[in-house]
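Dear colleague,

I am passing on the structure we spoke about, together with some notes on what I found in it. Please have the model open while you read.

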Amino acid sequence: MKIKKGDTVVVISGNSKNLGENKTHKVLQAFPKANRVIVEGVNMITRHTKPKKMGEPGGRIEREAAIDASNVMLYCSACKRGVRVESKTVDGKKVRVCKKCGKSID
Ligand SMILES: [Zn+2]
């Protein structure tokens, strides 16, 4: 999986309204083993919580649910769009590089 926590991505498919090539989102969490990511503002679900005490109103919590990592692409600031990346080793460091323009994403 090429997506990491803190990455800027675009979402290419899914059931969110916040889609589009030029809409960027931040990755809040990445789960490499499950190949899933949680992306800020994408795939929101509403959870209803019960009141803890008598007389307290129940709450509605909106939060992001994980989506498949294949639904997002890393955003390249030079190409200004989601791009495919490849791993390269530069000066002994592993970096992700835009396949289109060769710019390092890391
Ligand atoms: Zn690029």
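The notes below begin with the overall fold and then turn to the metal site.

Please keep in mind that this is a predicted model. The secondary structure of the protein consists of ten strands and zero helices, so that the order of elements from the N terminus reads β-β-β-β-β-β-β-β-β-β. The radius of gyration is 17 Å, whereas a compact globule of 106 residues would have one near 13 Å, and the C-alpha trace spans about 60 × 30 × 20 Å along its principal axes. Of the 106 residues, 27% count as buried, and the protein exposes about 7,300 Å², of which carbon and sulfur atoms supply 48%. Among the contacts with a separation of 6 or more, 41% are between residues 24 or more positions apart.

As for the metal site, the zinc ion is coordinated by the SG atoms of C76, C79, C98 and C101, at 2.2 to 2.3 Å. The arrangement is tetrahedral because the four donor atoms subtend angles of 104 to 114° around the zinc ion. Along the chain, the donors follow the spacing C-x2-C-x18-C-x2-C.

Methods:
Residues numbered from 1 in each chain as written. Predicted model: local features only at pLDDT ≥ 70, side-chain atom pairs only at ≥ 80, totals over all residues. Heavy atoms only, no water. Donors = N, O, S within 2.8 Å, 3.2 Å for Na, K, Ca; no water. Tetrahedral: all angles 85-135°; square planar, octahedral: opposite > 155°, others 65-115°. Helix = DSSP H or I, 4+ residues; strand = E, 2+ residues; numbered from the N terminus. Rg over C-alpha atoms; globule rule 2.2 N^0.38 Å. Buried < 20%, exposed > 50% of the residue type's maximum accessible area, 1.4 Å probe, protein only. Contact = heavy atoms within 4.5 Å. Areas by Shrake-Rupley, 256 points an atom, 1.4 Å probe, with all protein chains shown as cover.
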